[in-house]
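Here is a short briefing on a structure. Read it with the sequence and the model side by side.

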Amino acid sequence: MEMVKLTIDGKPVEVEKDTTILKAAKTIGIDIPTLCYFQLKDMNIENRPGGCRICVVEVAGRRNLAPACSTNVAKDMVVNTHSIRVLNARRTVLELILSDHPAECLTCAKSGCCELQTMAQQLGVREIPYQGEQSTYRKDTSPAIIRDVDKCIMCRRCEMMCNEVQTVGALSAVNRGFMAVVAPAFEMNLEKSPCTYCGQCVSVCPTGALTEVDHSRNVINSLADPTKTVVVQTAPAVRAALGEEFGLAPGTLVTGKMVAALRRLGFNYVFDTDFAADLTIMEEGSELLDRLTRYLKGDKDVKLPILTSCCPGWVNFFEHNFPDLMDVPSTAKSPQQMFGPIAKEYFGKKLGIDRKNMIVVSIMPCLAKKYECQRDEFKVDGDPDVNYSLSTRELAHLIKSANIDFNSLPDEDFDNPLGASTGAAVIFANTGGVIEAACRTAYELYTGKKLEHVEFKELRGLENIRHATIDFDGLPINIGIAHGLGNARKLLEDVQAGKSQFHAIEIMACPGGCIGGGGQPFHHGDSEIIKQRAAAIYREDEGKPIRKSHENPFIIELYKEFLGKPLGEKSHHLLHTHYFDKSQGTFVEE
Amino acid sequence: MAKIKLSERKVEELKEVCKSFNNEKGELINVLHKAQSIFGYLPAEIQEVIAKELNCSVAHVYGVVTFYSFFTMLPKGQHPISICLGTACYVRGAEKVLEEFKRVLKIQVGETTADGKFSLSCLRCVGACGLAPVVLVGEKVYGRVSPDGVKDIVAEYQG
């Protein structure tokens, strides 16, 4: 590789040619401020429209300042990243952006983690000298995401995530100049678009233009209602990220403190979505084996590969884009939605609580879960199996607003029976985790032998698309894994074309899996944070005394006492679902 | 958004246009140009067909359509009326002529009358400055138009 030598702020630096000034500066510890620029290293995700002009630097011999994010280094270039001219230009640029931004920081949902706010502080903006018209646009509320484009600074990160990474194509920059906004086609509401509610647009939005629908109020009201029994379930990915909101290092596991905090918030029962994840493995793993056995016996009608169905963003994606493949995914509900009916129809009934008087709250790293729990097929006489879904961020706000000193809480355990789980359930949080958990159980059920090494390291990692062959005692099982919907699309197109060699495919909508979900604490483009969360999840698994779902004693009990057997009649009724064709019909007359 | 029904024949024509550009995403602007010349405008339905044919998102197509002022999502009238607002026409009272058209047709610039007969737009110089102020109805040129003459021009096409 050809190397280029240059000088940045008086320091010599040598980098590969075609490196940007921004990246070259970073190699010698100089952080040039950026706003529209966004990168998730090692995940192939980058946004550099060069639009905001915050990252301008002075290059000797050039008349104009150069945007560092989109200007490549050159031989003997002399760069000054903090000359007075640069500092003045940056502040002016920011003042102009702020002149068309509502000054609602006191009440804005993003306050405290807003990159625009941070930038205004960093650059020392104390007043906005430019007064003029402000662009206004209607607010758009969908079941999971709120668009308030008055706060949009046209960085176009969301557009990049939605189109390039997720290939969902719900958002695009539309109109021009002062009227420009990021919006769905024909400026319809998000709800009418092919949006999957994966929430990746929210997770990269630097301001409060894209935020989640906040269900905290509903939860507080339920907790205050003495006639209601309020049950909470927490997804595996939450415990590996919640601590970040309280200043703990990324990758700190806070399972015990989270349970203690939820108890102090007044939840009657603190349960674990991990329990339902073990249940998912029982159903989904059995379905995999059922299809596989029938296939091996020569049944031509059986659909392989089987696709995991735990991720509601992914379910929305294939309902919109692959309606012809609707019989390919597993019919197993997601853990969140398995938990609901088990809580209301099994646990509640045991205690003599009518389902209308039980409120099930989920804590999720995800925004699509908010939509999922509102789907009609997950309601009984209008009563949802899961009433409210809060993101990891909303839970952190709830804990802070109740002045609970999170970091000094003791470690507490989940309640039983719906709080018991195995290591297999924990790893649902990571890309590759669901299929690894399924393999641990499917292997033993299929071979009848004990699995000596429960860790399938070949299924782990962060490559966009991975594949591995697992030896089921002489039977090779081909497994595909994709995280991020754009990667999922590639695997799905192979299935569509009949080219797929896989027996089973795991798909998670978000980069990294649920640990990188749209409801997690903001990582601000630091992929190291996502890696730390993943490592924490694997640590939690290692520390669990039981690491296979089918060995969870409370799951065994549940089948014995209530469900019967996996894929049985009761399971089918309570734990399985069906999918809907949501591909937009054409307007064209046939 | 009101749905319109496209004739199958026109849709086939549109698909042929896409095909002539190898259904390439990068040819979107060229395809939109052709589509607008076939249909006169680019309603949502047309944009959906194009998005499908070029394998890109409808949001992206809409983004391009709304970025360039040449593209329009509103149908033009049967008789599109254009008033020249070039320098020569302007100084000879084109603005008053425009105001009169707006008053008579009860529409603004860029709009179409409810019966679909007339639409109103402005342009800059048709190269007939000697006839200023100039008005075009379809391909026909009217010169030395005064506000008083507007009613007669409209009446010609009312029949």
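In this predicted model, the centres of domain 1 of chain B and domain 2 of chain B, taken over C-alpha atoms, are separated by 31 Å. Domain 1 of chain B covers 8-67 and domain 2 covers 79-156; the bounds come from an automatic or database domain assignment. Residues are numbered from 1 along each chain as its sequence is written, while chains are lettered from A and ligands numbered from 1 in the order in which they are written. Because the model is predicted, local features need pLDDT of at least 70 and side-chain atom pairs count only at pLDDT 80 or more, whereas totals for chains, interfaces and linings use all residues.

**Confidence**

- The model scores ipTM 0.90 and pTM 0.91.
- Chain B has a mean pLDDT of 91, with 97% of its residues at 70 or more; pLDDT is the predictor's confidence in each residue, from 0 to 100.
- Where pLDDT is low, predicted coordinates should not be read in detail.

**Chain B: layout**

- Chain B holds 7 helices and 4 strands.
- Helices (H or I, at least four residues) and strands (E, at least two) are DSSP runs, numbered from the N terminus.
- The order from the N terminus is α-α-α-α-β-α-α-β-β-β-α.
- Along the principal axes, the C-alpha atoms of chain B fill a box of roughly 50 × 30 × 25 Å.

**Chain B: helix packing**

- H3(B) and H4(B) pack at about 120°, and their axes are 8 Å apart.
- Axes are lines fitted to C-alpha atoms, for helices over the stretch in contact, and angles run from 0 to 180 degrees between N-to-C directions.
- H3(B) and H4(B) are therefore oblique to each other; angles under 35 degrees count as roughly parallel, over 145 as roughly antiparallel, 65 to 115 as roughly perpendicular and the rest as oblique.
- The crossing of H3(B) and H4(B) is right-handed; a crossing is right-handed if the near helix is turned clockwise from the far one by less than a right angle, and left-handed if anticlockwise.
- H3(B) contributes B:Gln47, B:Glu48, B:Ile50 and B:Ala51 to this contact, and H4(B) contributes B:Val58, B:Val61, B:Tyr62 and B:Val65.
- Two residues are in contact if their C-beta atoms, placed from the backbone, lie within 7 Å.
- The contact of H3(B) with H4(B) has 6 nonpolar, 1 polar and 1 charged residues.
- Ala, Val, Leu, Ile, Met, Phe, Trp, Tyr, Cys and Pro count as nonpolar, Asp, Glu, Lys and Arg as charged, and the others, Gly among them, as polar.
- Helix H2 (residues 28-39) of chain B and H3(B) cross at roughly 145°, their axes coming within 11 Å. This crossing of H2(B) and H3(B) is right-handed too.
- From H2(B), B:Leu28, B:Val31, B:Ala35 and B:Phe39 meet B:Ile46, B:Ile50 and B:Leu54 of H3(B). The contact of H2(B) with H3(B) has 7 nonpolar residues, no polar and no charged.
- H1(B) packs on H3(B) at about 40°, with axes 10 Å apart. That makes H1(B) oblique to H3(B).
- The contact pairs B:Val11, B:Leu14, B:Lys15 and B:Cys18 of H1(B) with B:Ile46, B:Val49, B:Ile50, B:Glu53 and B:Leu54 of H3(B). By class, the contact of H1(B) with H3(B) has 7 nonpolar, no polar and 2 charged residues.

**Interface of chains A and B**

- Chain B gives 18 residues to the contact and chain A gives 16.
- On the side of chain B, helix H1 (8-20), helix H3 (44-54) and helix H4 (58-67) each supply at least two residues.
- H4(B) gives the most, with 7 residues.
- The side of chain B that touches chain A divides into 9 nonpolar, 4 polar and 5 charged residues.

**Chain A: domains**

- Chain A is assigned domain 1 (3-82), domain 2 (99-213) and domain 3 (217-575).
- The C-alpha centres of domain 2 and domain 3 of chain A lie 30 Å apart.
- Their contact takes 19 residues from domain 2 of chain A and 22 residues from domain 3 of chain A.

**Backbone points**

- The peptide bond from A:Leu304 to A:Pro305 is cis, with omega near 0°. A:Pro305 sits in the loop between helix H8 (273-296) and strand S15 (306-307) of chain A.
- B:Ala132 and B:Pro133 are joined by a cis peptide bond, with omega about -5°.
- A:Asp42 has phi near 65°, a positive value in a residue other than glycine.
- Most residues other than glycine have a negative phi, and most peptide bonds are trans.
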